[in-house]
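Open the model in your viewer and keep the selection tool at hand.

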Amino acid sequence: MTRLLQVIFVLIVLIIGAAIIIPFVLPSSFYQDRVRLAASEALNRDVALDGALELRLLPRIEIRASNVSIANADGFGDAPFAEMGEMRVAVKLEPLLSRRIEIAEFVLIDPVIRLQQRGARNNWTLAPAGAPPPAATTSDGGFRRPGALPLEASFGDVRIENGTISYSDGTQSHDITGLDLAIGLPSLDGPMQLDGALSANNERMSFSARIASLRGFFEGRETGLLFDLGGNLVTAHFDGNFRESADLSVDGAFNTTVPSIRNLARFAGTEMPPGDGLRRFSTSGRIAGDPAHIALTAEAIRLDDIAGSGRLTVNLEAARPRLDGALNLTTLDITPYLPEPAAEPATSTAQIAPWSETPIDLAGLGLVDADLRLSVGMLKFGEIEVTDTELRMRVLNSRLEANLTQIALYQGRGTADIVVNGRSRTPSYSLRADLTGLDAEPFLTAVAGFERLRGTGAMELAFTSSGASQAAIMQSLAGNGQFSFSDGAITGLNVAQTIRNVSSFVSGNSSASDSEAPAATGESAETDFSALTGTFTASAGRISNSDLLLLSPLLRITGSGWVNLPEQSVDYRLQPRAVASIQGQGGDRDLQGITVPVRIRGDFNNINIGVDTEAVGQALLTGAVRNALGGSSGEATSPEDAVRNTLLNALGLGGSSEPDAEQPADGAEQAQPQAEDPAQQLLRGLLNRGRSTPPPDPASDEDPTDDNGNR
């Protein structure tokens, strides 16, 4: 027995001695070629060992090699698929006798990995020698299954120092540099810790992950997961589990912060248009799902000054991602996210800019399909403020339909439907809105910058248009609508005072008190009304109205005209008529029946309001011709009186104080007044004088004759 033990001891010593001595006795080329051939057969790629190679068998199997490279696949260029400055591998010998793998060291120094894809082929799938490179891999799931790791293993010093990974698909390329990675794995059943950092496009990012059990993860069991991402572009944290499943299904709490969406987009290769919006974004909540189906419940969402909560599900199985969800926001101000207006010359004052010719990019509508519901406490759009908004937005194949099922704005309520169709080369749009109970002044000021109307009103709009720019949309605008306002006032114009001024001027009865009368125009002037109604139509961007009607106890005003949106111009005629005493409007006489034509015209930046001189000229010419042809009865008329009477007749004031030659008999129907020329209604505003002539008899416009034809 003693002799046997001695022999065994000698053999062990010889084996250990040989393991120690052989690497130093045998030339490195002896095992370098064998290591290279074994690696080439294992990877199905040629492996080159151009630097020194060290081999040790005790106390652990250890290989150190420098200048190692792995050849690229055929058709992907001459540059190696991978190369590294130094590689160190050390495996403990004793655990191998128990079928355990304990990697004491696996270190890659300055590795470079070049990933390439050409159509359906890639270079990172290691195919058998002589076989064509396989198609690009896809993630089909199902790799997590019982028995996936039928071995024991542990990692000691496993790391990558200063690695570089590049990716190219022939059209674009991305590079990751400065990759540092460290993995700690005491056992397959214990936690695995991964820590690392990298640089991409000059941005440094760090990451860490902790998996409760690597064996549990690969065998499809529920496994705890912690993940953190840090850097200047984005920070994220996840605390949850890989769910029991055959694929990468997770469930847990998360929070994410993006300090600047603009910087993140620039990092991704997209330069966003200038603006103040899209700065900081943050959200927190829970996330659950697998790579094809993700459900997110956000307990808190914040984008710039927008805050709220919501839920979202993402389906990635179809060609376009499908989004479904609901979002609740306290305040949504979309003004900072609108395109900036064109810069105005330094010498210009605040004016309405021409419509933009810049193409409107609707490509974003084709990125996803969506069915989203939005509830907003306060919605702001420029100067427009809308409260208690309920919105459903659906996007399907580049067509967006937004249904505002509830709107509360400016003391009123309403609904609206908006469609943006980007399926064709020329996008099309439609808008339908029904609003009631509006406070007119703040609403029109916010929508159109119009500050001259007060009252409570209702509006119905139905517009369609098409075009790839703001200017094109205005040029093709078509549709119709109606409006109705009550108990309000038109500011900037006192129609009653205008009538009085014209009356005083043409009668020559101006007095000193007229200088103290209210102004006919200006900020303090206004015309009260009990009702203001009308309808309008739009065609090729021109909005026309022919049935404006304003009613008040003192006045009746009709109007017609148009607003040309493409040319940003307006031409509108008002025909006011006094229907009762205007004493309360600054007058001291009954001017019932008098009309003065008013014309509003010009471009949006230079609108003029004044007496319609064209209409007045036509009326004066008509009156002059009548006087020249007819003469007058009674006493001789002086030239001055003839001119005055002509103007009075033109305005419907009457040119003589004499009674009509004939009065209708009792019970006979009185003659109806002649319809007044619309031009007569605009004269009242520019003359700015007073009048004290009593109202004319409606019959004074007729040509009075007796039965014999005599005047």
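A nonpolar core is a set of buried Ala, Val, Leu, Ile, Met, Phe, Trp, Tyr and Cys residues joined through side-chain atoms within 4.5 Å; buried means under 20% relative accessible area, exposed over 50%, and partly exposed in between (1.4 Å probe, protein chains only). The model is predicted, so to speak of local features pLDDT must be at least 70, side-chain atom pairs count only at pLDDT 80 or more, and totals for chains, interfaces and linings use all residues. Residues are numbered from 1 along each chain as its sequence is written, and side-chain values use heavy atoms, with hydrogens and water left out.

Select Leu409, Phe443, Phe485 and Leu532: within the largest nonpolar core, of 51 residues, these touch the most other members. Strand 21 (residues 399–409) gives this core five residues, the most of any contributor; strands are DSSP runs of E, at least two residues, numbered from the N terminus.

Next, centre on Leu532. Beyond four places in sequence, its contacts (heavy atoms within 4.5 Å) include Leu453, Phe483, Phe485 and Leu548. A second, separate core has 21 residues, among them Ile183, Leu188, Ile211 and Phe242.

Move to Thr283 in strand 15 (residues 281–290). Is Thr283 buried or exposed? Thr283 counts as buried because its relative accessibility is 10%. Its side chain reaches the backbone oxygen of Ala300 at 3.1 Å. Other residues in contact with Thr283 include Phe254, Asn255 and Ile301.

Finish at Leu96, in the loop between strand 4 (82–92) and strand 5 (100–109). Leu96 counts as partly exposed, because its relative accessibility is 37%.

Definitions and conventions: Helix = DSSP H or I, 4+ residues; strand = E, 2+ residues; numbered from the N terminus. Polar contact = N/O pair within 3.5 Å; in protein donor to acceptor, adjacent residues only side chain to side chain.
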